[in-house]
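Hi there,

Here is the structure I promised to pass on to you. My notes on the ligand site and the strands follow below it.

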Amino acid sequence: MPPPRYQRCSSIEELLATLQAQGDRAKILAGGQSLIPIISLGLAEPEVLLDINRLPGLDCCGVEGGVARIGALVRHVTLERLPQAFAAMLPVLPMAAQLIGHAAIRNRGTLVGSLAHADPAAEWPAVALALDAQLVLKSARTERTLAAREFFLGPLTAALEPHELLYEARLPIAPARTGASVLELTYRHGDYAVVGVVAQLTLDVDATMIRDARVALFGVGPTPLRCAASERLLQGADAAGFGDAAVAAQRVAEPVDDATASGDYRREMVGVFVRRALQQAYARAQAATVPDQR
Ligand SMILES: Cc1cc2nc3c(=O)[nH]c(=O)nc-3n(C[C@H](O)[C@H](O)[C@H](O)COP(=O)(O)OP(=O)(O)OC[C@H]3O[C@@H](n4cnc5c(N)ncnc54)[C@H](O)[C@@H]3O)c2cc1C
């Protein structure tokens, strides 16, 4: 197989027209931190690489009407180093970003590229699922918006057509008295998670009862997994409910044996890490003072 032809697109219109014409012969090149390794391993054989890195407008990262809009070229490092006022509105972003790979990977890789790649052990798909992100998909002919829960279909498989650009992710900002935690079990810093948890808790005015709970797992199933039963148990509960919520999350996990860990060990660790993440998120929610910028 000859190496793919490289094409740098100068406008979104040119990109979408080329994607429409090439279909699954073309691949979008964003940070390249997943695409180049899979091409090198022979797991993908695109004929054309469409570089979007110089396209204007895709690096937008801002809050509008209670929603953060994260464009296709927003790098992990930007989310790791968000200004404090922005991070207070979406505390989960810097927490997840700092766990991804190493500095060189975070300098190039993008949140949107990670969603498109749909690795079930990656941080961003679980964040998008936990926060009910909306994903905006553009093609030469249409634009559509999909909820994150409809987007992740299986390992490295998303509801993204070959002729579509994942244009941006929209994440609702956290209400006041919200705390979050992203925890993962890895053997070395920067590795993909053996078990990962995203938790976000919003407390009532008394700062004790849980008004809203979000829990998602990564690394323990074919896609990121939302723990709806845990969330229901947590609603209206206080910290005494964390044990039951962790057990409910273990039931959702679909861990398998692989070279890094057995399925049984992974399920055990889901319980441990969900409980820990809930404790952290709860303590942070109690301490949270969100600036009045929403
Ligand atoms: C050593 C190493 C360690 C890593 N560790 C982690 C980790 O711990 N956690 C983690 O989550 N990731 C990790 N990664 C992957 C990294 O985070 C990638 O940056 C990320 O998965 C993909 O983003 P990207 O911008 O690099 O996408 P690319 O590699 O450019 O693209 C990935 C895929 O998405 C498609 N794509 C990209 N952008 C779009 C778009 N806008 N619309 C439609 N399709 C698009 C591409 O065509 C390709 O199929 C690691 C990578 C390496 C090399």
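**Around the ligand**

Helix α7 gives the largest share of the shell around the ligand, five residues. Helices here are DSSP runs of H or I with at least four residues, strands are runs of E with at least two, and both are numbered from the N terminus. Before you go on, please note that this is a predicted model, in which local features need pLDDT of at least 70 and side-chain atom pairs count only at pLDDT 80 or more, while totals for chains, interfaces and linings use all residues. Residues are numbered from 1 along each chain as its sequence is written, and side-chain values use heavy atoms, with hydrogens and water left out.

In total, 31 residues surround the ligand (each has a heavy atom within 4 Å of it). The closest are I28, S34, L35, T110 and E123. At least two shell residues each come from β2 (26-29), α7 (111-117) and β10 (165-172). By type, the shell has 15 nonpolar, twelve polar and four charged residues (Ala, Val, Leu, Ile, Met, Phe, Trp, Tyr, Cys and Pro count as nonpolar, Asp, Glu, Lys and Arg as charged, and the others, Gly among them, as polar).

Ligand oxygen atoms lie 2.7 Å from a polar backbone atom of L35, 2.8 Å from one of Q33 and 3.2 Å from one of G101. The protein covers 89% of the 960 Å² of accessible area that the ligand has on its own (Shrake-Rupley method, 1.4 Å probe).

**The strands**

β10 turns up again here: this strand pairs with β5 in the antiparallel sense over five bridges (pairing takes at least two DSSP bridges between the strands). Within that pair, A68 has L171 of β10 as its bridge partner.

β5 (residues 67-71) also runs antiparallel to β4 (residues 61-64), joined by four bridges. C61 is opposite I70 of β5. The hairpin of β4 and β5 has two residues between the strands, and G65 there takes a positive phi near 55°.

Technical notes
Polar contact = N/O pair within 3.5 Å; in protein donor to acceptor, adjacent residues only side chain to side chain.
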